[in-house]
Amino acid sequence: MAKPLFQAPKGTRDIFAPESGRQSALISAFADAATSAGYGQIITPMFEDLGVFKRLGEATDVVTKEMYDFETRDGKTVALRPELTASVVRAFVQHRPGVPWKAWYEGPQFRYERPQAGRYRQFTQVGVEALGTDDPHIDVEVIALAWRFYETLGLRHVRLLLNSLGDPECRPAYFAALTDYLTGRRGELTEQSQATLDINPLRVLDSKREPDQAVIAEAPLMVDHLTDEAGAHFTAVCEGLQALGIPYEISPRLVRGLDYYVKTTFEFAGDSLSAAQNALGGGGRYDGLAEQLGGPPTPGIGFALGIERILMACDAEGVFPGPDQQPQVFVIDVTGGEEALVVTDLLRQGGIRVDRAWDGRNMRSQMKVADRSGAALAVLIGEDELADGVVTVRDLRGDAGQVRIDRASLVDIITTRLEDPAADSVPTGEPS
RNA sequence: GUGGCCGUAGCUCAGUCCGGUAGAGCCCCGCGUUGUGGUCGCGGUUGUCGCGGGUUCGAAUCCCGUCGGUCACCCCA
């Protein structure tokens with residue numbers, strides 16, 4: 001294939017209908033779910049001061065290796081957002097809405113990575129953030145919102161993985177214990193894990209490399225080192241989920257990729273996808289983030305769900321086909337096209353999805369286009385109809401045949417027939 | 001950043017090992033039916049064989065380089 005002069009940048013895609021409509025519908029479904037739970041939409045800029053994202057943790061790949069950062073003409077350094085929690089918390093700190101403050105969002109995010117299945121340089125997430133309360137029941141609300149959303153889409157093979165990463169009081173002690181343990185068995189770890197150990201020992205627990213597993217299996221666990229307060233919070237979250245009948249698995253080695261998480265952390269694994277892209281979404285509590293961004297100490301929790309991954313899971317499970325976007329009616333006019341212009345407009349005003357053919361092609365050609373369009377009904381206008389002031393309505397999908405109707409009742413009859421193809425018609429079989 | 005695989009028509013691909021001057025199916029267009037689609041039949045349009053260089057009488061095919069795509073590792077959504 002000859003290469004086009006330009007193509008979409010690496011890791012980005014052009015999304016055509018009907019897939020684009022399916023994506024919009026997914027976001028719309030999420031908007032409904034979030035709105036009904038009392039979350040208001042927030043729209044933040046696609047880029048931020050680089051410093052906003054540096055707070056995510058100097059040890060994270062997202063910050064150190066994957067940032068789309070650049071200098072602007074006036075010498076400031078900005079970055080395309082690699083995630084949205086930092087942007088939303090920055091907006092919270094800047095504008096100080098009353099708490100508790102609950103917001104939802106959707107939009108593209110950017111990470112400079114090598115693309116692969118289910119991973120793009122520009123990808124889209126939906127999510128929520130709730131700031132200003134550390135009531136464990138809001139953790140439950142947030143998790144439940146995501147869980148019910150997956151259910152709404154029809155996904156059944158999703159697992160909720162739950163963990164607590166402790167709080168600033170118990171974390172240092174655990175951190176030290178884990179570091180001691182891993183350092184003691186350093187020689188058994190893979191080269192990559194040894195490097196990770198020097199940067200963030202917690203992340204070693206997340207290694208999927210086989211040689212590391214024996215060491216990880218015996219590593220001390222955060223859940224065994226929680227303070228009374230952090231433990232009580234975790235217990236309350238678990239009990240809340242049980243009260244709602246939402247199944248979860250305690251996953252004591254679940255570590256998230258961003259350093260700001262404390263206490264409750266969770267991930268949703270799509271079991272219909274391979275491990276490389278089965279992370280359908282995740283989130284957790286980030287009680288220190290607002291303060292790091294220059295605001296007052298404010299607890300917060302949220303999640304982000306990747307819509308590309310969710311749609312892959314929907315494909316794998318055969319659910320969420322997306323909305324009907326095909327025309328319902330196709331207008332055929334072999335008298336020159338003036339009639340099609342008017343009739344198409346009339347039907348559209350009646351709230352019907354309508355398309356038509358162009359270039360004055362013959363009826364055979366126009367019928368082919370009508371058939372391919374997916375429309376259920378064709379409206380035919382030839383010289384006879386024009387002379388009699390009527391149109392012919394033809395069923396393209398069933399055996400309801402065709403009928404000539406008065407143009408004045410066109411919208412009513414079409415609307416009725418779209419609901420019941422056999423209504424108002426006398427089957428005429430094949431055209432005479 | 002590392003590695004595997006792949007770049008031939010609008011799409012999916014064969015042809016590459018063993019060099020001889022480019023094919024199939026689908027799609028699209030027309031006709032059979034100058035007022036009727038889906039099935040069928042007939043006919044037709046479409047290629048810098050990713051790009052550059054080398055070897056050769058001759059390269060889609062062999063060699064070198066390069067770009068792109070894809071998958072995986074890593075990490076993550």
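Q: Where is Pro 18 found?
A: In this predicted model, Pro 18 belongs to the segment before helix H1 (19–36).

Q: Which other residue does a cis peptide bond join to Pro 100, and what is its omega?
A: The partner is Val 99, and omega is about -5° for this cis bond. Pro 100 itself lies in the loop between helix H4 (85–95) and strand E5 (101–110). These bonds deserve a remark because most peptide bonds are trans.

Q: What makes the phi of Lys 263 worth noting?
A: Its value is near 50°, which is positive, although the residue is not glycine. This is worth a note because most residues other than glycine have a negative phi. Lys 263 is placed in strand E9 (residues 262–270).

Q: Why is Lys 263 called buried?
A: Its relative accessible area is 6%, and the word buried is used for values under 20%, so Lys 263 is buried.

Q: Why is Ser 272 called partly exposed?
A: Its relative accessible area is 27%, while buried would require under 20% and exposed over 50%, so Ser 272 falls in between and is called partly exposed. Ser 272 is placed in the loop between E9 and strand E10 (279–285). With residues up to four places away in sequence left out, Ser 272 touches His 157, Ala 313, Ala 316 and Glu 317.

Q: How do you know that Gly 11 is buried?
A: The relative accessible area of Gly 11 is 11%, and since buried means under 20%, Gly 11 is placed in that class. Gly 11 lies in the segment before H1, and, apart from neighbours within four places in sequence, it is in contact with Pro 115, Tyr 120, Arg 121 and Gln 122.

Q: What makes Tyr 120 a ring with a charge over it?
A: The charged end of Arg 13 sits over the ring of Tyr 120, 4.4 Å from its centre, and the distance part of the rule asks for a value within 6 Å. The charged end of Arg 356 likewise sits over the ring of Trp 358, 4.1 Å from its centre.

Q: Why are Phe 92 and Trp 101 called a tilted pair?
A: The structure holds 10 aromatic pairs. In the pair of Phe 92 and Trp 101, the ring centres are 5.7 Å apart and the planes meet at 35°. Rings pair if their centres lie within 6.5 Å, and planes under 30 degrees apart would be stacked while those over 60 would be edge-to-face, so this pair is tilted. Both Phe 92 and Trp 101 are buried.

Q: Which residues form one aromatic cluster?
A: Phe 30, Trp 104, Phe 149, Tyr 150, Phe 266, Phe 268 and Phe 303 form it.

Q: Why does Leu 311 count as buried?
A: Its relative accessibility is 5%, and the limit for buried is under 20%, so Leu 311 counts as buried. Leu 311 is found in helix H12 (residues 307–317). Leu 311 and Gln 23 are 288 residues apart in sequence and 7.9 Å apart in space, C-alpha to C-alpha, and Gln 23 is among the residues that Leu 311 touches, together with Glu 19, Arg 22, Leu 26 and Phe 320.

Q: How many cavities of 30 Å³ or more does the structure hold?
A: The structure holds one cavity of that kind, and the largest cavity has a volume of about 40 Å³. Its lining has six nonpolar, one polar and four charged residues. Among the lining residues are Leu 165, Arg 171, Asn 200 and Asp 259.

Definitions and conventions: Residues are numbered from 1 along each chain as its sequence is written. Chains are lettered from A and ligands numbered from 1 in the order in which they are written. This is a predicted model: local features need pLDDT of at least 70, side-chain atom pairs count only at pLDDT 80 or more; totals for chains, interfaces and linings use all residues. Side-chain values use heavy atoms; hydrogens and water are left out. Helices (H or I, at least four residues) and strands (E, at least two) are DSSP runs, numbered from the N terminus. Buried means under 20% relative accessible area, exposed over 50%, partly exposed in between (1.4 Å probe, protein chains only). Rings of Phe, Tyr and Trp (its six-membered ring) pair if their centres lie within 6.5 Å; planes under 30 degrees apart count as stacked, over 60 as edge-to-face and the rest as tilted. A charge sits over a ring if NZ of Lys or CZ of Arg is within 6 Å of the ring centre and within 35 degrees of the ring normal. Contact means heavy atoms within 4.5 Å. On a 1 Å grid over the protein atoms alone, a cavity is a set of points where a 1.4 Å probe fits but cannot get out, and a pocket is an open set with protein on both sides within 12 Å along at least five of seven lines; lining residues have an atom within 4 Å of a point. Grid points are joined across faces, edges and corners, and a volume is the space filled by probe spheres set on the points. Ala, Val, Leu, Ile, Met, Phe, Trp, Tyr, Cys and Pro count as nonpolar, Asp, Glu, Lys and Arg as charged, and the others, Gly among them, as polar.
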